[in-house]
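Hi everyone, thanks for making time today. Please have a look at the sequence and the structure while I talk you through a few parts of the fold.

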Amino acid sequence: MSATAPLPASAPVPGPGPDPATQQPSGGTARAALQAQVVQALGAHLPAHTLLWHAEDTTPYECDGLTAYRQRPMVVCLPETEAQVQAVLRTCHALGVPVVARGAGTGLSGGAMPHAAGVTLSLARFNRILAIDPVACTARVQCGVRNLAISEAAAPHGLYYAPDPSSQIACTIGGNVAENSGGVHCLKYGLTVHNVLRVRGFTAEGDPVTFGSEALDTPGYDLLAAVIGSEGMLAIALEVTVRLIPKPRVARCIMASFDDVRRAGDAVAAVIAAGIIPAGLEMMDRPMTAAVEDFVHAGYDLAAEAILLCESDGTPEEVEEEIARMSAVLREAGATAITVSQDEAERLRFWSGRKNAFPASGRMSPDYMCMDSTIPRKRLADILLAIQAMEQKYGLRCANVFHAGDGNLHPLILFDANDPDQLHRCELFGADILETSVAMGGTVTGEHGVGVEKLNSMCTQFTAEENAQMFALKAAFDPAGLLNPGKVIPTLQRCAEYGRMLVRGGRIAHPDLPRF
């Protein structure tokens, strides 16, 4: 994906970028003076090679996987020890300087986009696997360990870590915790929140804090689920204990073709209604299958309007029975062709296309914006048809790949970020998808987080009172509001200016949303 110009502090709120109220101008003598003060204060605790502040050094940190919005950080820290992380947090808290934590930068919602007058805290050097316990089936790792590296380390014990985002070769477990990441097998095995036992780190003030436990329960409030998915706004995670599960003896995948997207969507609901919980249940429309087939040659049916990938794992007997049951349901639902993987190589080939959907899309267009809403499974066909109409409305193409089993959509809107008009239409297209999902009974995010991308759409899903409760939770952890400010929770002013809500007497009243 290519770059766009930095988002100016005076940019209008209706764009999905950060709240201008939380950003200070990126130039001028005031910023230079603050930068010098922060560098000097941090330099008292960190080695010189762990501090970056010149433009050529900080530019690589100006965005995450959402490249449409960029902002160079004032300072970047790359600490090597927990004591250095603690010193950064305590120093920034004393100076009132915002801190944005960053892992591998693979996020797709701008959650790691820097603050113009803040410190980007890179945790990339915390990349050690601390312990694998094959008896307890757990792994204790530092936050910068890659998702896939956990499974690789556990493999000699016949174990693996189940959540498998498409970026698992690069994304880190700390980022997975921040975004509550999922993956193609989350239908059966759950999201990050279902597979993490314990998170240890620091508060905004630099105080040590632990959430969860390796034991069955912990005293007091269970705050682990609040921290997972909090996008670095509540605490900084440095160490994570995850649950490992035995590697299945057998796994096989069905590739089912459909000549109509409604039949494909209905087939997903039919599989779940039959009491079957596949290890994975994914859906791709025709433009997406064409893109990935050209990229990886997975053997997809290019004549199909949509294909489903349905996986079963377990013992050979369990898999044989479940494959037969799923095949029968899919045929009854109108599948025009069904192919079942005959060996592990073929199964991996089927999945290779799905896993490479994002890079394959990058070959079709200079840029893409990946959306991440959820809807009830029974509305899969409805949202696909609605997106097709939006393509005509906004004059942009869109390729679709879904975690169909749990109703998580990943439409990829194709555009050229160097064309301001296309970027604007892409923003409107994305907001339309998110708000249509809400109107269909869904949510604005499934696993990619809110970041800056979905701030406006949060205004359509939550009331002023609900947003106030989220701000209250944020304040309980971070009273000064220094951790990743301007993300996730939209302000009352922003919602009012966005135009989807009206302020009357200090309260927000929802207009009638369209019903589908």
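Let's start with β16 and strand β18, residues 408-415, which pair in the antiparallel sense over four bridges. Within that pairing, Met369 has Ile413 in β18 as its bridge partner. When I say that two strands pair, I mean that DSSP finds at least two bridges between them. Helices (H or I, at least four residues) and strands (E, at least two) are DSSP runs, numbered from the N terminus.

A word on where this comes from: this is a predicted model, in which local features need pLDDT of at least 70 and side-chain atom pairs count only at pLDDT 80 or more, while totals for chains, interfaces and linings use all residues. Residues are numbered from 1 along each chain as its sequence is written, and side-chain values use heavy atoms, with hydrogens and water left out.

Now the sheet around that pair. Seven strands make an open sheet with antiparallel pairing, in the order β15-β12-β14-β13-β17-β18-β16. At its edges are β15 (337-340) and β16 (367-370), and each pairs on one side only. On average, neighbouring strands here are turned by 15° against each other, direction ignored. For angles, axes are lines fitted to C-alpha atoms, for helices over the stretch in contact, and the values run from 0 to 180 degrees between N-to-C directions.

Which helix lies across β16, β17 and β18? That is α14, residues 420-439, running at about 165° to β18.

Look next at the loop between β5 and β6, where you will find Pro134. Leaving aside neighbours within four places in sequence, Pro134 is in contact (heavy atoms within 4.5 Å) with His157 and Leu159. The C-alpha atoms of Pro134 and His157 are separated by 6.2 Å, although the two residues are 23 apart along the chain.

Finally, two helix pairs that share α8. The axes of α8 (residues 261-273) and α13 (residues 380-394) come within 7 Å and cross at roughly 150°. Angles over 145 degrees count as roughly antiparallel, under 35 as roughly parallel, 65 to 115 as roughly perpendicular and the rest as oblique, and α8 and α13 are therefore roughly antiparallel. With α10 (residues 316-332), the α8 axis comes within 9 Å and crosses at roughly 140°, so these two are oblique to each other. Here Ala267, Ala270 and Val271 in α8 meet Met326, Val329 and Leu330 in α10.
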